[in-house]
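Okay, thanks everyone, let's get going.

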Amino acid sequence: MNTKSTFHVIGFLLLLFALFSGSWFLWLFGGLFFFMPAAQSGWMRHMRRWVKLEWIADQSRVMPGTPVRVTIRMHNSSWLPLPATWLRITLPDHVTVEGADEVRQTKQRTVVRLRLDVPFRQSAERVLTLTPHVRGVVWLTEVQSDSLPLFGDEVSQLSLPVSFSLLVYPLPLPLPPIQLADTEPDGSRLSHQRQQEDVTFQRGVRAYIPGDRFKHIHWKATAKTGSLETRLFEHTSRPDWRIIGHILPSYEPSQQRYNDAINERTISCLAALSILCRKRSHGYELFLSVKQRGREYYHLPAGSGKKHHLHVMTQLAQMHHYVTTPLAVILRRLEGSASRESILLVTPRFDRDLEQSIDRLVRRGHMVVVLDLSEEQLLLRRFETSRSANGRRVAR
């Protein structure tokens, strides 16, 4: 028998004695035992209208091991206080929490409990420090609230909606020195690579066009002509890299081996390459040997700059449940390219079949650099066409 049933039995007995004795006190006292459970049920039904939870984080995109300061505010707009209210928050087990009243690990989850004493028509807040240690997305959509009941031992439980997501980027690996030769103009004609303007050498001025950068305006020429003039720079070209990430199946039944740790290392290496391209202002395409909607492999078009870098890092952070595809599908697609490509392949498995595919790419004039992750230390292999009669040169 729970507390509610006990209150109803006590109230029934008091009303029964009141019926025979005619005492108004027993009538009121017995009715109180029926009124309290009804008031508790009504309070719980309308509690969402009066109690709100606010979640404020100082960061939403972090690297593993970065502390995130979170402020939790509970607003009580009712005329009843909320003493001894416990908030129960469930997070992934790789997230460490500081500043909570209770933290415990259960079923690969981190359960956090906070106590708040919220007076009527006021708010209370607590500050937590969350530190994620694994890449991915930390989601939180609701928080369980356990409030002090109006009667008995049953705790009043309520789910309070919360909108919080924390994107954790993959931790980049230290890379060996990587140099891909730039393609310079051939006489007055530019190559088929991505064209750019080299701001080091100025070759003239032209009339200002809306959208030109303010710092490229030639003020002396503007003063002489009376209209805005913009500097013209010499053209150059730099190659777009083709970065290929070889993702292995999560589990290979033939070898009875899990590849999650190897794939995490590959993703961390791809993140380091994205940071390197961002620093050197290189444009690059990204290919991953995982299936994309409507495609046999994942392909991100060429781009550069901060926006492209953030998009790549976001995709790498969110990549969890995927279906892999053979690496040969991507390499055959690149074999058909008419222009000379600079290909950077990141693979944890360098075998004979892969070497034959690279040999075909080299024969077609492409330059291939392989980052071999099969060993503890990253190994850089460079394949390119040779001027000798041998047809190719391999540098380790």
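Let me start with a question: which residues does Val329 touch, not counting residues up to four places away in sequence? Those are Glu296 and Tyr297, where contact means heavy atoms within 4.5 Å. Val329 sits in helix α7, residues 327-335. Its relative accessibility is 22%, so Val329 counts as partly exposed (buried is under 20% relative accessible area, exposed over 50%, partly exposed in between, with a 1.4 Å probe and protein chains only).

Quick housekeeping. This is a predicted model, where local features need pLDDT of at least 70 and side-chain atom pairs count only at pLDDT 80 or more, while totals for chains, interfaces and linings use all residues. Residues are numbered from 1 along each chain as its sequence is written, and side-chain values use heavy atoms, with hydrogens and water left out.

Now, confidence. The chain has a mean pLDDT of 83 (that's the predictor's confidence in each residue, from 0 to 100), and 87% of its residues reach 70 or more. Strand β5, residues 96-98, is highest with a mean of 95, and strand β21, residues 392-395, is lowest at 43. The pLDDT is below 50 over residues 387-396, a stretch with 20 contacts in the model beyond near neighbours in sequence.

Back to α7, and its partner α8, residues 352-363. Their axes come within 10 Å and cross at roughly 10° (axes are lines fitted to C-alpha atoms over the stretch in contact, and angles run from 0 to 180 degrees between N-to-C directions). That makes α7 roughly parallel to α8 (angles under 35 degrees count as roughly parallel, over 145 as roughly antiparallel, 65 to 115 as roughly perpendicular and the rest as oblique). On the α7 side you've got Leu327, Leu331, Leu334 and Glu335, and they meet Leu354, Ser357, Arg360 and Leu361 of α8.

Last pair: helix α1, residues 3-21, and helix α2, residues 24-45. Here the axes come within 7 Å and cross at roughly 155°, so α1 and α2 are roughly antiparallel.

Key: Helix = DSSP H or I, 4+ residues; strand = E, 2+ residues; numbered from the N terminus.
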